[in-house]
Amino acid sequence: MKADIHPDYHMIKVVMTDGTEYETRSTWGSEGETMNLEIDPKSHPAWTGGNQQLLDRGGRVSKFNKRFGGLGI
């Protein structure tokens with residue numbers, strides 16, 4: 001195996017949007033740095049399932065529902 005090809009893993013502190021903190025190993029930054037997250041699983045709609053809106057541009061969604069809505073999957 002080649003020498004010195006693996007990244008340097010070190011401990012960093014991650015601060016979530018609500019202020020909670022945890023330590024993890026990462027290749028980001030340097031030893032002891034703090035990563036402040038702008039989005040995280042506690043606040044982002046992709047994880048929480050909140051406030052998602054489906055835009056129907058040009059009737060594509062309604063056309064899909066009309067064509068495949070009766071399948072009942």
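Student: Which residue takes a positive phi in the hairpin of strand 1 and strand 2?

Tutor: This is a predicted model, in which local features need pLDDT of at least 70, side-chain atom pairs count only at pLDDT 80 or more, and totals for chains, interfaces and linings use all residues. Residues are numbered from 1 along each chain as its sequence is written, and side-chain values use heavy atoms, without hydrogens and water. Strands are DSSP runs (E, at least two residues), numbered from the N terminus. Five residues lie between the two strands of this hairpin, and the one with a positive phi near 100 degrees is Gly19.

Student: Over how many bridges do strand 1 and strand 2 pair?

Tutor: Two strands pair if DSSP finds at least two bridges between them. His10 stands opposite Ser26 in strand 2. Strand 1 (residues 10–15) and strand 2 (residues 21–26) are antiparallel, and the number of bridges is six.

Student: In which sense do strand 1 and strand 3 pair?

Tutor: Lys13 stands opposite Thr34 in strand 3. Strand 1 and strand 3 are joined over three bridges, and the sense of their pairing is parallel.

Student: Which strands stand at the edges of the sheet?

Tutor: The open sheet has three strands in the order 2-1-3, with mixed pairing. Each edge strand has a single partner strand, so one side of each lacks a neighbour in the sheet; the edge strands are strand 2 and strand 3 (34–36).

Student: Is Leu71 buried or exposed?

Tutor: Leu71 lies in the segment after helix 2 (60–68), a helix being a DSSP run (H or I) of at least four residues. Buried means under 20% relative accessible area, exposed over 50%, and partly exposed in between (1.4 Å probe, protein chains only). With a relative accessible area of 57%, Leu71 is therefore exposed.
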